[in-house]
Amino acid sequence: MLRGKAFKFGDGISTDDIIPGRYAHLRSNLDELAKHVLEDADSTFVSRVKEGDLIVAGNNFGLGSSREHAPLVIKMAGVSAILAKSVARIFFRNAINLGLPVLICDTDGINDGDELEVDLSAGTVRDISNGQKLTFGKIPEVMLRILDEGGLIPYIKKHGDFKL
Amino acid sequence: MGKTLAEKILGVKSGNDAIASDIVISQVDLVFIQDTTGPLAIRQLRESGLKKLAIPERTAVFIDHAVPSPTHALSNDHLVLRRFAAEAGAVMSDIGEGVCHQLVAESLARPGDVIVASDSHTVTAGGLGAFATGMGSSDVAVAMGLGRTWFRVPESINITVTGKFQKTVSAKDFILHLIGRVGADGATYKALEFGGDGIKDMSMSGRFTVANMAVEAGAKVGLFPADDVARDYLVEQGRVEDYQPVFPDVDAVYERTMQVDLGALEPTVARPHTVDNVVPARELKGTRIQQVFIGTCTNGRLEDLEIAARILKGKKHHPDTRLLIAPASRRGFLDSLEKGYIQTLAEAGATFLPAGCGPCLGLHQGVLGDGEACLSTSNRNFKGRMGNPKAFVYLGSPATAAATALAGEITDPREVM
């Protein structure tokens, strides 16, 4: 069970919004890089986000670059899951590979700051602030197996190969 | 039942039937990393416990994004990459050789290959009929160590192309038009497959431009059949032995089919801050532009510099508009030198940057000031893309870029040709 506060974003949050190319020189200094997470979309995000909080977005979250640093700095900020109406392909795979759940559901009814509770195994989100209950789409089986091991690298470390 | 290009290639490489929506484990024929995502991939590879490269002779390391390095931190990343390539026995491509996708197109990609790399524009090689796609550092690390990766076989959208381009209209206008129609997420998880008589009017250079931007509609791959145009290109590159015909079945099952008549297209521009925000260039007349950039894996090839040189020959760029040019590869740079395009463009006042990604991703070289606008031949115009979230990026063809550099405002190239 995941529990935290919703940080609401709109449609089309790109990897440049999440961690822009102008910080490429910090990519081998992750603690410094993480200080700039989502800076261009919400400059107050990094100072307000707490362990367990959730990103709640609209359509096509994470479009653009293949930089795995994008889900990585989100995870480093303490975010426990991303809820979005839809997500870009590479970002989706990258997030799961880092053990960060991305859940597809209709996020319109969730307001910024709402208290959320996510039951990953039941596939439900409860908005404690407004009483709404949502169900999210199933994560594909192959990705669930990777997520269950905490990501792709721990998965390969354990199995030595794809056992999908 | 007939198969699409995506199903055919993944079928061969996975040894399975590979029908759309199947999960397959596929052989990887070429894997590469670049300087902004490579160091993390190397770290993940070490962490994974996989000891060595599965296909070192087909694993490549490119230093192309920050060339030459602007900061000591990036210089240290470059050191990591050079050391890794030497120790692991990978192919090394150092500064000044060019953008990874252009070098892969020139020398490494083969029709029917499965190619993965830690850069979203890996899709470029789809122009040659390779199933080529971008992934993150972890996926690419595992592909380097295992020589395999998993895919969900994508559904394909068939783009049937007819007609011929009007003068000054090119592949960039075609793909911008298409992304405008499909939307920035209209092809997410899917393959875009191009066919029809119209693709015969598209050079390999143009096909790379189109395939390169498939990801801007969300697509996993943008695929052209490996036809005679592809074969002629490989002959020209001195590697005819890499050719094999790769075509979809005539009764392939597509999710849907869209038609585009090349003859009906006009010079097209994507406005800030999304690639699907497209309009005809003529509608943006009067939009002042402080910087024009011609280059990148999208439009930094010989053909692109040729059209720019034709438009700018004997003229000077507008005094309030800077003109930056970065050839996509050293070979393209040398060919342009030989043909006189570099001389022409330099006389027109262009500032030349090394072969590489240049200012495209906002890391260095031509970072925009607050409120400034750039007309770029690159592939992304997201807020902050060119290094400043208070700046504006418009995307267009090399012809539109050259016409805009002359006029100082966004200009339909038909006005100056």
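Predicted model: local features only at pLDDT ≥ 70, side-chain atom pairs only at ≥ 80, totals over all residues.
Me: What span does helix H3 of chain B reach from its first C-alpha to its last?
Reply: H3(B) runs over residues 72-88, a count of 17 residues. At 1.5 Å a residue, the expected span is 24 Å. The helix comes close to that, reaching 24 Å.

Me: How wide an arc do the buried residues of H3(B) cover around the axis?
Reply: The buried residues are Leu74(B), Asp77(B), His78(B), Leu81(B), Phe84(B) and Ala85(B). An α-helix has 3.6 residues a turn, so residues three or four places apart point the same way.

Me: Where is Pro68(B) placed?
Reply: Most residues other than glycine have a negative phi, and most peptide bonds are trans. The bond joining Val67(B) and Pro68(B) is cis, with omega about -20°. Pro68(B) sits in the loop between E3 and H3 of chain B.

Me: What is omega for the peptide bond from Pro272(B) to His273(B)?
Reply: His273(B) belongs to the loop between strand E12 (268-270) and strand E13 (278-280) of chain B. The bond from Pro272(B) to His273(B) is cis, and its omega is near -5°.

Me: Is Thr296(B) buried or exposed?
Reply: Thr296(B) is placed in helix H9 (residues 296-299) of chain B. Its phi is positive, about 80°, although Thr296(B) is not a glycine. A residue counts as buried at 20 or more other C-beta atoms within 10 Å. Thr296(B) has 29 such atoms, so the class is buried.

Me: What radius of gyration does chain B have?
Reply: The C-alpha atoms of chain B fill a box of roughly 55 × 50 × 40 Å. For 417 residues, a compact globule would have a radius near 22 Å. Chain B agrees with that, at 20 Å.

Me: Which helix gives the most to the side of domain 1 of chain B that touches domain 2 of chain B?
Reply: Chain B is divided into domain 1 (5-262) and domain 2 (268-415). Here 33 residues of domain 1 of chain B contact 32 residues of domain 2 of chain B. Helices H4 (100-108), H6 (171-182) and H7 (204-212) of chain B each give two or more residues to the domain 1 side. The most, 6 residues, come from H6(B).

Me: Which helix supplies the largest share of the side of chain A that touches chain B?
Reply: The contact takes 38 residues from chain A and 47 residues from chain B. Helices H1 (15-18), H5 (89-97) and H7 (152-159) of chain A each supply at least two residues of the chain A side. By class, that side has 12 nonpolar, 15 polar and 11 charged residues. The largest share, 5 residues, comes from H5(A).

Conventions:
Residues numbered from 1 in each chain as written. Chains lettered and ligands numbered in written order. Domains from an automatic or database assignment. Contact = placed C-beta atoms within 7 Å. Helix = DSSP H or I, 4+ residues; strand = E, 2+ residues; numbered from the N terminus. Nonpolar A, V, L, I, M, F, W, Y, C, P; charged D, E, K, R; others polar. Expected span 1.5 Å × (residues − 1). Buried ≥ 20, exposed ≤ 12 C-beta atoms within 10 Å, placed from the backbone. Rg over C-alpha atoms; globule rule 2.2 N^0.38 Å.
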